Amino acid sequence: MMSGVNHRNSSTVYKGHEKILISQEEQEKINEVRRLIGPLSAKASVYCSDLSISRYLRSKNWNVKKATQMLQRSLKWREEYKPEEIRWEDVANDAETGKIYMPGYYDRHGRTVLVMRPSRQRSTNDIKEQIMYFVYCLENAIFNLPPNQEEIVWLVDFQGYTLANLSFKITRETAFILQEYYPERLGLGFMYNAPRIFRPFYAMVKPLLESKTYNRIKFGYSNDHNTKKMIEDLFDMDQLDSAFGGNNDTGFDIVKYAERMKEQDKKVASFWALVKTPSSSVSHSASSSDSTSLDPDSDGSNTEN
């Protein structure tokens, strides 16, 4: 938040499960960004909720000009790339490895979890296909956020990781997309049992990361007491995958996961169909408050893989 701000005449939004007051000064900055952007399509209007705009402002330390430029780039990218229209059949080939998936539980702060297993990355897969799947995963993780939450968690399992799994090009592209088009979305990136060979690679990647992103990436190890305590504080151990020290050894089932994501696709499509309907109130309500997740009715938790 901006320091030294008078919170009289403030409005309320949420970050995590805590109420956050948007001061009059901050609301004025949000309104100024909205004015500078100008008229929006129905989809863009839903995306540009007050809390969404505030994420862009927070990422640029409440600099209106920089936040507006960043948001305009995002809107242009979303209009051209159409991330909300990516469906399971578009990414199934890359997804079947289980290299990224939503396990169906949240952390104790209500953040959607994405499990990542870089050792399952196929070097033969097309880069565009890999990026598309990454975007699909981000969009769905955000869509599944519960009310009043805006961040997601990455749990990265390095079991079986080798030099063959290193790809600076893909890492650079994913870092750019995350930071440029999904600001303030990553709450925690937890690197579990990263091998020594990953450290020099990470040192190369570090300059690509903004300080906020870098500070949200943590390393942990199965034989470390502090790691175990942090995991127990963050997760219900009966839900957490055994790969991260939890008690859930269900594993990844591509058949069940594919069916689950196809059902998710229907919900996403239905939501955006409502947005396109002129008489729908979805666009108004989302732009005036925040659907944070663009998700009016999320029920993504407690589902099987």
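Contact here means heavy atoms within 4.5 Å. Helices (H or I, at least four residues) and strands (E, at least two) are DSSP runs, numbered from the N terminus. This is a predicted model, in which local features need pLDDT of at least 70 and side-chain atom pairs count only at pLDDT 80 or more, while totals for chains, interfaces and linings use all residues. Residues are numbered from 1 along each chain as its sequence is written, and side-chain values use heavy atoms, with hydrogens and water left out.

- Two packed helices are described by the angle between their axes and the distance between the axes.
- Axes are lines fitted to C-alpha atoms, for helices over the stretch in contact, and angles run from 0 to 180 degrees between N-to-C directions.
- Helix H4 (residues 64-81) packs with helix H7 (residues 168-181) at an angle of about 120 degrees, and their axes are 9 Å apart.
- On the H4 side, Met-70, Arg-73, Ser-74 and Trp-77 meet Gln-179, Glu-180 and Tyr-181 of H7.
- The residues of this contact of H4 with H7 are three nonpolar, two polar and two charged; Ala, Val, Leu, Ile, Met, Phe, Trp, Tyr, Cys and Pro count as nonpolar, Asp, Glu, Lys and Arg as charged, and the others, Gly among them, as polar.

**Helix H3 and helix H4**

- Helix H3 (residues 50-59) and H4 cross at roughly 125 degrees, and their axes come within 8 Å.
- H3 is therefore oblique to H4, since angles under 35 degrees count as roughly parallel, over 145 as roughly antiparallel, 65 to 115 as roughly perpendicular and the rest as oblique.
- Ile-53, Tyr-56, Leu-57 and Ser-59 of H3 make the contact with Val-64, Ala-67, Met-70, Leu-71 and Ser-74 of H4.
- This contact of H3 with H4 has seven nonpolar, two polar and no charged residues.

**Buried residues**

- Buried means under 20% relative accessible area, exposed over 50%, and partly exposed in between (1.4 Å probe, protein chains only).
- Thr-213 lies in helix H9 (residues 211-215) and is buried, with a relative accessible area of 11%.
- Apart from neighbours within four places in sequence, Thr-213 is in contact with Gln-179 and Leu-186.
- Val-205, in helix H8 (residues 198-205), is buried at 5% relative accessibility.
- Apart from neighbours within four places in sequence, Val-205 is in contact with Phe-168 and Thr-171.
- Asp-107, in the loop between strand S3 (100-101) and strand S4 (112-116), is buried at 5% relative accessibility.
- Not counting residues up to four places away in sequence, Asp-107 touches Val-113, Val-153, Leu-234 and Phe-235.
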